[in-house]
Amino acid sequence: MAGLRLSEAQRGFFGWVAEAVFANPFGPERAALDRRIAGIDSHAPADPARTLELAIEQVERRVRELDPDGRLRPDRYPAEDARILQWVGLFRIYHAFRDEFGQFIERQAQSAESLALPFADTLWAELADLGLDAEARARYLGVFYQVRRGFHCIEREIIGLCPAVVELRMRLWNAIFTFRPDWYLRCLVGRMEDFSTLLLGETGTGKTAAARAIGHSGYIPYDPKTRRFQESYTRAFVSINLAQFPAGLIESELFGHRKGAFSGAIDHHQGVLARCSAHGAVLMDEIGDVEPLIQLKLLTVLQERRFTPVGGREPQAFNGRVIAATHRDLGRLRAEGRFRDDFFYRLCSDVIALPPLRQRIAENPAELRLMVAAILVRTFGPDGLALVDGVEERTRASVPADYPWPGNVRELEQCVRRICLTGRYQADGRAAPDVFLQQVAAGGLTADELLAGYLARLYGRCRTYEEVARRSGLDRRTVKKYIGMGESET
Ligand SMILES: Nc1ncnc2c1ncn2[C@@H]1O[C@H](COP(=O)(O)OP(=O)(O)OP(=O)(O)O)[C@@H](O)[C@H]1O
């Protein structure tokens with residue numbers, strides 16, 4: 001309308017706000033934008049939550065400069081300004097309802113039925129006030145819910161402050177929303193099913209936790225008539241461990257079977273693909289363990305978006321997302337012909353590697369304490385924090401500083417529990433660092449000690465003095481003497 005325009009300075013400020021609204025909250029760009037909006041020096045240390053509060057205050061102040069009532073009414077401005085102001089309006093509305101969405105997500109976590117959204121009418125009216133039509137209002141309402149859930153799920157599932165985990169949270173966010181919010185909002189809302197994610201990492205590094213965060217954070221459409229989202233997000237994630245089933249049963253577990261499809265099929269059985277909701281994701285864990293024939297069938301499902309239960313004729317639609325995970329070296333499996341290249345290329349649009357715990361601790365030694373605290377709080381609630389000092393100290397005393405944590409976070413969880421029960425943790429013998437080899441490498445052994453250590457290892461493998469004597473070229477008595485030497489020391 002005549003006369004109203006943003007000044008250059010206003011356009012600059014509100015431009016940052018428009019950029020910030022859907023920016024990756026785990027990424028450095030969003031942190032930098034919040035600081036700029038809050039007017040905080042980019043070098044000064046800042047607490048992110050406080051920075052956000054200040055940023056929200058600044059946005060309110062600048063909006064009231066435009067309109068003392070605080071109503072934006074973007075339609076009064078020329079198109080480019082109106083677009084920016086509409087996003088500023090979305091920023092304000094999202095942050096005004098952020099806590100309420102948080103509480104709603106906690107309540108919804110307890111129910112498989114979709115709950116009514118208690119603040120739906122107020123939120124709807126605020127979106128209408130921005131000049132959005134009903135379709136856009138429903139879409140933004142769904143996106144707000146999704147953004148809040150994405151943040152909540154990633155933050156809760158993936159704890160850590162070392163650079164590799166910071167990067168991991170950022171990557172998980174991008175797996176849900178892409179790296180460009182404007183692309184996502186324009187074309188991809190509710191259409192992410194063709195993006196598969198492949199999670200790689202050792203056992204216990206959090207692949208299932210990461211997959212759950214993605215699965216629980218999909219877009220779920222909002223229905224203004226019922227004031228509910230189409231389903232509870234608790235239904236949006238299913239998983240199957242493919243290493244758990246013998247080859248003959250895998251197809252039935254994936255695709256389901258009809259009654260009488262084979263001897264023993266006494267009833268219809270729903271496979272994991274049928275259980276995966278259209279707004280959800282299925283985790284195919286240990287994908288590196290399935291045979292090429294099953295890989296081919298899964299590839300066909302991904303391409304055609306249909307599958308047929310064993311013994312059935314009618315294909316069924318599959319609209320969910322696929323997340324695959326493995327601890328195996330897929331490069332080697334592919335080179336050996338045990339993992340199909342075509343299947344790999346269908347899965348590889350988003351490959352996320354989860355860092356082993358030893359790497360995390362090497363990057364930031366405070367990581368161990370943080371994870372001990374997180375595990376104690378998960379196990380005992382906030383009271384668990386009182387135990388952090390004691391458990392951390394005993395963990396550090398129980399394992400060497402360079403202990404490799406082969407079972408990663410899962411092992412640390414057991415270590416924390418065992419320390420709570422017995423006061424100490426003894427690492428699995430297989431996993432403990434090889435002290436003998438370390439001493440050899442450090443050049444700290446005498447010839448006798450070297451021989452004693454070597455013969456003791458041979459004895460561990462062969463179990464008879466005769467066999468050790470044969471392999472080492474020594475006589476039986478000498479072998480026995482050296483092995484005895486080693487034993488008396490331990
Ligand atoms: N970064 C993390 N922050 C918090 N908890 C974590 C993290 N990584 C793993 N965990 C926890 O460690 C345990 C094991 O994780 P998870 O089952 O996701 O591992 P995984 O990689 O899927 O293992 P596997 O390959 O054996 O299936 C879970 O309780 C999970 O919540």
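Ala, Val, Leu, Ile, Met, Phe, Trp, Tyr, Cys and Pro count here as nonpolar, Asp, Glu, Lys and Arg as charged, and the others, Gly among them, as polar. On that basis, the shell around the ligand divides into 6 nonpolar, 8 polar and 4 charged residues. The model is predicted.

**Ligand shell**

The ligand is surrounded by 18 residues. Thr 203, Gly 206, Lys 207, Thr 208 and Val 409 are the closest. Two elements give two or more residues to this shell: α9 (207-215) and α18 (408-422).

**Overall layout**

The chain holds 22 helices and 9 strands. Its C-alpha atoms fill a box of roughly 105 × 65 × 40 Å along the principal axes. Of the 490 residues, 33% are buried. Among contacts with a separation of 6 or more, 68% join residues 24 or more positions apart.

The chain is divided into four domains, tabulated here.

| Domain | Residues |
|---|---|
| domain 1 | 8-159 |
| domain 2 | 222-353 |
| domain 3 | 365-422 |
| domain 4 | 435-489 |

The centres of domain 3 and domain 4, taken over C-alpha atoms, are separated by 36 Å.

UniProt, in an unreviewed entry, places the feature "domain: Sigma-54 factor interaction" at residues 158-421. Over residues 158-421 the chain is 45% helix and 12% strand. The end C-alpha atoms of that stretch lie 26 Å apart.

**Nonpolar cores**

In soluble globular proteins, nonpolar side chains tend to be buried together. The largest nonpolar core in this chain has 88 residues. Within this core, Val 17, Val 88, Leu 172, Ile 214 and Ile 323 touch the most other members. Helix α4 (residues 79-108) supplies the largest share, 10 residues. Domain 1 (8-159) and domain 2 (222-353) each provide at least three residues to this core.

What does Ile 214 contact, leaving aside its neighbours within four places in sequence? The partners are Leu 172, Ala 175, Ile 176, Thr 197, Ala 281 and Ile 323.

**Single residues**

Glu 80 is found in helix α4. Is Glu 80 buried or exposed? Glu 80 counts as exposed because it has 11 C-beta neighbours inside 10 Å, and the cut-off for exposed is 12 or fewer. Glu 80 and Leu 347 are 267 residues apart in sequence. In space, C-alpha to C-alpha, 39 Å separates Glu 80 from Leu 347.

Most residues other than glycine have a negative phi. Arg 73 has a positive phi, near 40°, and is not a glycine. Arg 73 sits in the loop between α3 (48-66) and α4. With 17 other C-beta atoms within 10 Å, Arg 73 is partly exposed.

Glu 286 also has a positive phi, about 60°, although it is not a glycine. Where does Glu 286 lie? Glu 286 is in the loop between β5 (281-285) and α12 (292-304). Glu 286 has 19 other C-beta atoms within 10 Å, so it is partly exposed; a buried residue needs 20 or more.

Conventions: Residues numbered from 1 in each chain as written. Predicted model: local features only at pLDDT ≥ 70, side-chain atom pairs only at ≥ 80, totals over all residues. Near = placed C-beta within 6 Å. Helix = DSSP H or I, 4+ residues; strand = E, 2+ residues; numbered from the N terminus. Domains from an automatic or database assignment. Core = buried A, V, L, I, M, F, W, Y, C linked by C-beta atoms within 7 Å. Contact = placed C-beta atoms within 7 Å. UniProt positions renumbered as here; feature names shortened; annotations may be inferred.
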